[in-house]
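Good morning, and thank you for the time. I would like to take the group through one model, moving from its strands to its side-chain contacts. Please keep the sequence and the structure in view as I speak.

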Amino acid sequence: MPAVTGIKDATAIVGIGQTSFAKHLPEDERTLACRAVLAALDDAGIAPGEVDALASYTMEETDEVELAKAVGFGDLTFFSKIGFGGGGSCATVAHLAAAIAAGQATVGVAWRSRKRGSGPRPWTNTAVQLPTPAQWTRPFGLLRPADEIAMLARRYLHEYGATRDHLFNVALACRNRANQNPAAVMYERPLTREMYMSSRWISEPLCLYDNCLETDGALACVIVSSERARDCRRAPVYVHSAAQGLPAQHHGMVNYWNDDPLTGPAWAAARHLWKHADITPSDVDVAQIYDAFTPLVPLSLEGYGFCGRGEGGAFTEGGALETGGRLPLNTGGGGLSEAYVHGFNLINEGVKQLRGTSTAQVPGAATCLVTAGEGVPTSALLLRN
C-alpha cells in the first residue's frame with residue numbers, strides 16, 4: 001500500500017441527494033435517509049452494493065445496520081459517527097475522505113436524516129439527569145441553544161459595536177437566496193427589514209428571523225477517490241482540505257472557561273484547515289457558513305480569516321453576502337431559509353456551486369468553504385472543482 005501523504009485532493013464528492021423539506025413529512029427518519037442515500041448514489045452512477053463506508057452524526061437515529069440492510073450495501077469496512085450535532089456535518093465527509101485516502105474503503109456515503117420540524121425538542125426531556133455542561137446553563141435560564149447563543153450575541157454586540165442591522169444582513173442574504181430556490185422552505189416568501197425588526201423575540205437580542213428553521217428532511221453525499229471520480233456520472237468536486245476543531249477548555253455554546261468566549265471552535269478548525277490548503281480566504285469564491293443563528297456568521301467570518309477580530313458585523317455591510325458581493329453566502333438559503341438539517345444542506349449546496357448547478361449560481365465559482373456549527377466542537381471543508 002502506498003504511503004499516505006494526506007487527504008488534499010485525494011478524494012471527491014461525486015453524488016448528492018436530498019428529500020423534500022417541510023415542517024412535517026409523513027415518512028419516518030429511516031425512510032427519508034434511504035431516499036436521500038439512493039438519490040445520491042444514483043446521482044453518482046454507483047450501485048448500492050459498492051458502498052463500503054459510512055459516516056453520520058451521533059444524533060442520527062438511523063444506524064448503519066438499518067441503512068445497510070434497507071439500501072443493500074456490501075460489506076462495510078469503515079463506519080463512524082461524529083458528535084456535537086451540527087458541529088459534525090463537515091466531519092462526516094472528512095472521515096470518509098481520510099478512510100478512502102488511507103485505503104480503508106473505496107465508496108463512502110455520508111448522510112443526515114432528521115424530523116426536527118415535527119419531532120420533539122431535545123431540551124424538553126426532563127426525565128433524565130442533565131449532562132454536566134448543562135448543569136452550568138439550564139438551571140440559570142439558558143434552556144435552549146437559542147438562549148446560549150443569545151448570550152454570546154449580546155456580548156459580541158457590546159464588545160464590538162455590531163448592531164441588529166448586521167444580523168439582519170445575514171438573515172436577508174439567506175432569505176434572498178432561498179427565494180431563488182424552489183426546494184427551500186422559504187421559497188417565494190421574501191423578508192424585509194420591517195418584518196425583521198418588528199418580529200417577536202425568541203431570546204433577546206435574537207428575534208424570530210435570527211433563528212433557523214425547524215425542518216423534516218434528509219440529505220446524503222457520496223465520496224470516492226479522485227482517480228475513480230473521473231469515471232463517475234457527475235463532474236467531481238474535490239475535498240481539498242478538511243479540519244475539525246475543539247479548543248482548549250471549551251464549554252459548548254457559552255465558552256464559559258475561555259479567556260475570550262467569542263473565540264470559538266472555528267478558530268481552532270481554521271488554523272488546521274488553511275495549514276493544509278493551497279488557497280487562502282481571499283481565494284474563496286463562495287461560502288456555505290453554518291447559520292443555525294445569525295450571530296454565528298460574523299463569528300465564523302472572523303474565525304476563518306475573512307476579516308479581523310470584531311469586524312464580522314461590518315463585513316456584512318454593502319451587500320457583501322449577496323450574489324456579486326465580497327463573499328456570496330449560503331446560496332441555497334442555508335439553515336435560516338432553505339432547511340435546517342444540521343448543516344448537511346450546506347455541503348450539498350457547495351457541491352452544486354462547484355458543478356455550476358446552483359439556483360443562485362456564482363459565476364465561475366471554483367472554490368467553496370463549507371463550515372459546521374460554530375459554538376460547539378466543529379469541522380470545515382474546502383472544496384474545489
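One definition is needed at the outset: a residue is called buried when its relative accessible area is under 20%, exposed when that area is over 50%, and partly exposed in between. The model is a predicted one. Met151 belongs to helix H4, which spans residues 145–160.

What does Met151 form together with Trp136, Tyr256 and Trp257? These four residues make a nonpolar surface patch of about 400 Å².

Let me turn to the strands. Strand S7 covers residues 216–225, and nine of its ten residues are buried. Which strands pair with S7? One of them is S1, residues 11–18, joined to S7 by seven bridges in an antiparallel arrangement. Within that pairing, Gly17 is set opposite Ala220 of S7. Strand S4, residues 107–115, also runs antiparallel to S7, and here nine bridges connect the two. Ala110 has Cys221 in S7 as its bridge partner.

As a reminder, a disulfide is a covalent bond between the sulfur atoms of two cysteines. How many disulfides does a search of the whole structure find? The number is zero. Cys221 is accordingly in no disulfide, and the nearest cysteine sulfur, in Cys90, lies 9.8 Å away. With a relative accessible area of 0%, Cys221 is buried.

I come next to the charged side chains. The structure contains 18 salt bridges, and I shall go through several of them. In the salt bridge between Asp278 and Lys8, the closest N and O atoms are 2.9 Å apart. This pair links distant parts of the chain: Asp278 sits in the loop between helix H8 (265–275) and strand S9 (286–288), while Lys8 sits in the segment before S1, 270 residues apart. Are these two residues buried or exposed? Asp278 counts as exposed because its relative accessibility is 56%, and Lys8 counts as partly exposed because its value is 38%.

Asp216 is bridged to Lys115, with the closest N and O atoms 4.0 Å apart. Here too distant parts of the chain are linked, since Asp216 lies in strand S7 and Lys115 in strand S4, 101 residues apart. Asp216 and Lys115 are both buried.

The side chains of Glu322 and Arg177 also meet in a salt bridge, at 2.5 Å from N to O. Glu322 is in the loop between helix H10 (312–315) and helix H11 (334–337), and Arg177 is in helix H5 (residues 164–178), so the contact ties together parts 145 residues apart in sequence. Both Glu322 and Arg177 are buried. Beyond such pairs, salt bridges link Asp43, Arg234 and Arg355 in a network.

Finally, the aromatic rings. The structure holds five aromatic pairs. One of them is formed by Phe168 and Tyr196, whose ring centres are 5.3 Å apart and whose planes meet at 55°, so this pair is tilted. Phe168 lies in helix H5 and Tyr196 in helix H6 (residues 193–198), so the pair ties together parts that are 28 residues apart in sequence. Both Phe168 and Tyr196 are buried. For Tyr256 and Trp257, the ring centres are 5.6 Å apart and the planes are at 65°, so that pair is edge-to-face. Ring pairs link Trp136, Tyr256 and Trp257 into a cluster, and these three residues are among those that make the nonpolar patch with which I began.

Technical notes
Residues numbered from 1 in each chain as written. Predicted model: local features only at pLDDT ≥ 70, side-chain atom pairs only at ≥ 80, totals over all residues. Heavy atoms only, no water. Buried < 20%, exposed > 50% of the residue type's maximum accessible area, 1.4 Å probe, protein only. Helix = DSSP H or I, 4+ residues; strand = E, 2+ residues; numbered from the N terminus. Pairing = 2+ DSSP bridges. Patch = residues over 30% accessible without salt bridge, like charges linked within 9 Å, V, L, I, M, F, W, Y side chains within 5 Å. Areas by Shrake-Rupley, 256 points an atom, 1.4 Å probe, with all protein chains shown as cover. Disulfide = S-S within 2.5 Å. Phe/Tyr/Trp six-rings, centres within 6.5 Å; stacked < 30°, edge-to-face > 60°.
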